[in-house]
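Work through the following exercises on charged side chains with the structure open beside you. Each task is followed by a solution that goes step by step.

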Amino acid sequence: MDICAVHGLGGNAIDTWTASDKGIMWLRDYLPSSEGFSNSRIMTFGYDSDPTNKGTVARLENWAESLLHCLNEVRASEEEKTRPLLFVCHSLGGLVARKAMSQLSTSNIKNITLSQCGLVFLATPHTGTTKADWGNFILAAAEAVAGVRPEVVSLLQSFNPASVWDKKAFLKLTPRPPFRCFAEERKKLIKHTYQHVVTQDSASLDPENPAIMIPQDHSGICKFSSKLGGGYFSIISALSDLFSEVTGRLESEQGQEHRVRTGDTPRFWWEGNEMNETQYRLALETPLVGRNEEMSKLETTVTQPPAQPRLTVVKGIAGIGKTELLMRFAAKHRYKRNIFFLRAQNSKKLEDALATVCNSIGFDMIETPNLNWERWRRTETPERIRIFVEWLGKDFNKDSLLILDDAEIFGAASIQVALKYPAWHIVMSTRDSNLKGPGRESLDLRLPPLTADETVSLLQNSLDKFPKEDSELFDDHDFERLARAIQGHPLAAQNVIPFLLDYLGTFDNPTDEFIRILNNGTGEERKVFFKFAGRDRSLWDAFDSSLELLRQKEGSENAVKLLQLLPYLRTDDDCIDSFLKTSKKGLLPQADASAHATILRSEYLVVSKWLEKLREMFSRNILTAVLYAASALAIPHQRGSDNPTAVIDTGDVIGTTTSIPDSKVTVNKFLGIPFAEAPIRFAPPIPAKSWSKPYDATKHKPGCIPKFNYPEDRRNESIKIWYTPPPPAGESEDCLNINVFTPAGSKPGSKAVAFWIYGGSFHHGSGSLPLYDGSKMTGYEDIVVVTFNYRTNIFGFPETSDLPKGELNPGFLDQRLALDWVRRNIKAFGGDPEKVTIFGESAGAASVDALLTAPPDPLPFRGAILQSGTAKTAVTPSGSWVNATEKAGCKKDSFDETLKCMRELPAEKLRDVVERAALTFMPLADGGVTQANYPRGQRLRSEEDPESMARVPILIGTTAEEGRLPDLKKVTLEEALAFFAPGITPVQIRLLRSLYPIGSPGINNEFDQIATIVTEVGAQCPTKFTADEFSLVGIKTWRFIYNASFENTEIFKGSGAYHAAELSTLFGSFPEKGATEYQEKLSRVMQKAWADFVKDPEEGPGWDEVPKVGVLGDGVRPEGDTKGGDGLEVIKPTFLDLRCHLYKNMWEESNPEE
């Protein structure tokens, strides 16, 4: 055979494969003398993969083409042309070879065919890497010292589109070369910390067969200084296996029988989705700890051919070692009998697993395969399975084994079907202790916990895979204590050492801290260990999957309850559960523990895990998630009447009417009027052109395209809460339209105007959401209400500074054009263009503040209302634009080319790219064109420089419980604070716990604690500071707090006065079903206050200016007082803002004046 080694990033044809400590190049010094490789020609391919060499323009496809041409030249003779060709590829070299395979069929290469090829991938990033700083990562991986070419960065970036398509192209090749994938088990020292360069997921080309872990780091996985250990045996075994597969395929293509022999030994089948060659070798390389008795019993079952069908069942709880036992048993019988090893994976169907086996062993099961090949090729899968099952029942297959691992995952029905197969010997593993095999000779093997000595041995073996300095943290006494603590559970033993090194490594004695956690720690602390997944999976997942399988069984309710109750029935010691170590003492109130002692107690483990988890969950600080959202609920009843009309500067419009309960005023509605042309993507809006026929404004027009990021469950939840019901007319890029609600019969220019800007994180929202129907506010308060659409997410805020400076924020430009439309046309609907008040919530309130601190000229409004939001110090580009262009396949040499590509993409595809990558897009500083660089500075300078901002009266406020949102129910306090206040220390966290102790008024649990802190630190106190600053520079300012909750508008039970809770009350759009008398009353109170402000901002909403606060809602809750009072109480904020002074410096630092 020919073997060609292709090096990785920054490597070369020699050093990549050479162990520096001994100078051994295994391809030269070891491989030729290994069994089966003495007649091999071994080559190395070199190419310029220096990631810092900007003098080269070579790309992946160029390297792949060069590889093919070089090999084509050396395979010149007729004998050479027939040789199998195997590739050994490290890192980037795997992408080069994979690309070469895809190019082969369309090239002019004559001396290589796909059927001759096989590949071994060593730490190849098939789906990219997962490092955030690509330049630094690539330098570290390649051990280079200078800047990195951007095309190399793009090539290796996680899930880049080119890599995804290359991967798909390879997997669809016909014939597809066989391959084996290996991943680095050890982390590489990068910038003083150990990190994975290529994860197991990324190194796996086929998700059905994950990459095998090799006990080396990224650089060492291709260097071997010894034939023993380190993975060398696994690699040559993979090469041997590939050689067998390739030669078998070549013989099949030549019409010969597909049976490969090794010497004089017949080839036995070794098939199944769990049984690849490398797993077999790994099973032989690592010692078996315990289970010798069970292995002996298994051996006994196969020493004599069965006289009747036999069933051997290995039983035990999750994680006890059933799969490992069966894998090792099967490996020992590799060359003794046919073995078919089936395990449910993604499909969880027995038929799928059998189909894979049938397709693999092919037509060898049928008679005279040379003659019947065509018949087999045309045979449907069910018929192939039937042939295979019958074949298993032949007498010559009495020694064959059909193994079903974790059989219950296939389902009870499939198990019963399998037991009826004529197979002579079926071996199953299961968690179901009642599994039986009627009509079969049966043997049950129940796996107990390991002994203490066996557990110690397993712990010591797991430590061998870590650097020497790590092993110095543990002695024999530690191992004995850990063995007792984990109760002889193999999966726990496998996970505990990596867990201690990852999360408790900074403690003087990690074992002491771990024992403390199991015996006396909080439930959250213990959960971190139970949810820790080492090489395999977590204890939590293992037992949770058992419970899920139990739930699927008929009549399982009582069994599940009993399973959950059993730990609480222990009475022989002070623990209610000997494994999870839930202390009975922990269930008792700790009256003698002072608050300070509790605060200062070390919970380093939980903090470290919380920090890591939230970094993965969110790409921005939690304020973005909390303070920029919207909600959608219901609309008022409509009735038809004579259609109203209006004449505006672009033509006539025809509207519709609606009536409002208890109002004598009929409301005219003009819906979906275009204020701009269909926009050019990422460009400023263009004012609408005139139309010749009357425009039908009786129905809403499309909203703009929203964005809700994956993962799917979180995306669906967000849509349900914030976007249901959706815009009535759907979504489109052609969405720049406006809605006007006006009292019927209004004289031109006679009414004050409220101009609404919706929220939604700058990611979603629409002026046509039923939540924002302005009919009731108009009908009850005799004002004109305007809602409209503006572009959001990447369509409205693309976050690239390469656009012209005045065009960085198209969404803000949409808002300004809509305001200009109001100035030009609102008089035709009865509104006074000189009496416009802008109001908005969340991202809408931030938009209002942007209009205040970077005002249009001439100023199109005279008052402003900010609900739960202010403008932030403008962010610099986050990289989302660059990520989006790369993932969309639009990364070009120039920005103009990139922009052209991004504009040509279908909108749905672009949205899908952004959502799946979980990218965020926010407004950028543009020097005051649409957003001030430093909004707070604009406010503070405005008294001396009145032109710096719009000095108009302000109404500003929040809800009482901004932080009671679903996302915050799923995190801990430490997780929330890690993102809300990056850099916060454990000491500061403990101090916050002491300031907001559980058990104090309104704080009954950790979620209450989180919600209160986020409300005050993230919303209420910043609003107070902003209101004080407005007032300080002489701007009339009023402040409010909304404090009410109703059952028919809760987003979850007990959601309280959450962020955006006031919107359905303000617009009166809450559902009629379940509405209370007080809800209607409060809605009217709130509408009147807002309308009073709109009608005369100088006089305000009906209460005193700051520092006084108008509290709306009387604290009404579904589970408490539902009757309320007057709906409005004016208070001094002494108690309300009691803790705000503690956060003043932090707020000022995050919102600098310049």
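**Exercise 1.** In this predicted model, determine how glutamate 441 and arginine 310 are paired and where each of them lies.

*Solution.* Begin with the distance: the closest N and O atoms of glutamate 441 and arginine 310 are 3.6 Å apart, and the two residues form a salt bridge, since the cut-off for such a pair is 4 Å. Finally, classify their accessibility: glutamate 441 counts as partly exposed because its relative accessibility is 36%, whereas arginine 310, at 10%, counts as buried.

**Exercise 2.** Carry out the analysis for arginine 481 and aspartate 512, and state which parts the pair ties together.

*Solution.* The closest N and O atoms of arginine 481 and aspartate 512 are 2.8 Å apart, and the residues form a salt bridge. Because arginine 481 lies in helix H19 (residues 476–485) and aspartate 512 in helix H21 (residues 510–520), the pair ties together parts that are 31 residues apart in sequence. Arginine 481 counts as buried at 17% relative accessibility, while aspartate 512, with a relative accessible area of 38%, is partly exposed.

**Exercise 3.** Identify the residues that gather in a patch of negative charge on the surface, and locate glutamate 943.

*Solution.* The patch consists of Asp857, Glu943, Glu944, Asp945 and Glu947. Glutamate 943 lies in the loop between helix H36 (935–941) and strand S27 (954–959), and it counts as partly exposed because its relative accessibility is 49%.

Note on methods
Residues numbered from 1 in each chain as written. Predicted model: local features only at pLDDT ≥ 70, side-chain atom pairs only at ≥ 80, totals over all residues. Heavy atoms only, no water. Patch = residues over 30% accessible without salt bridge, like charges linked within 9 Å, V, L, I, M, F, W, Y side chains within 5 Å. Areas by Shrake-Rupley, 256 points an atom, 1.4 Å probe, with all protein chains shown as cover. Salt bridge = Lys/Arg side-chain N within 4 Å of Asp/Glu carboxyl O. Lys, Arg positive; Asp, Glu negative; His and termini not counted. Charge placed at Lys NZ, Arg CZ, Asp CG, Glu CD. Helix = DSSP H or I, 4+ residues; strand = E, 2+ residues; numbered from the N terminus. Buried < 20%, exposed > 50% of the residue type's maximum accessible area, 1.4 Å probe, protein only.
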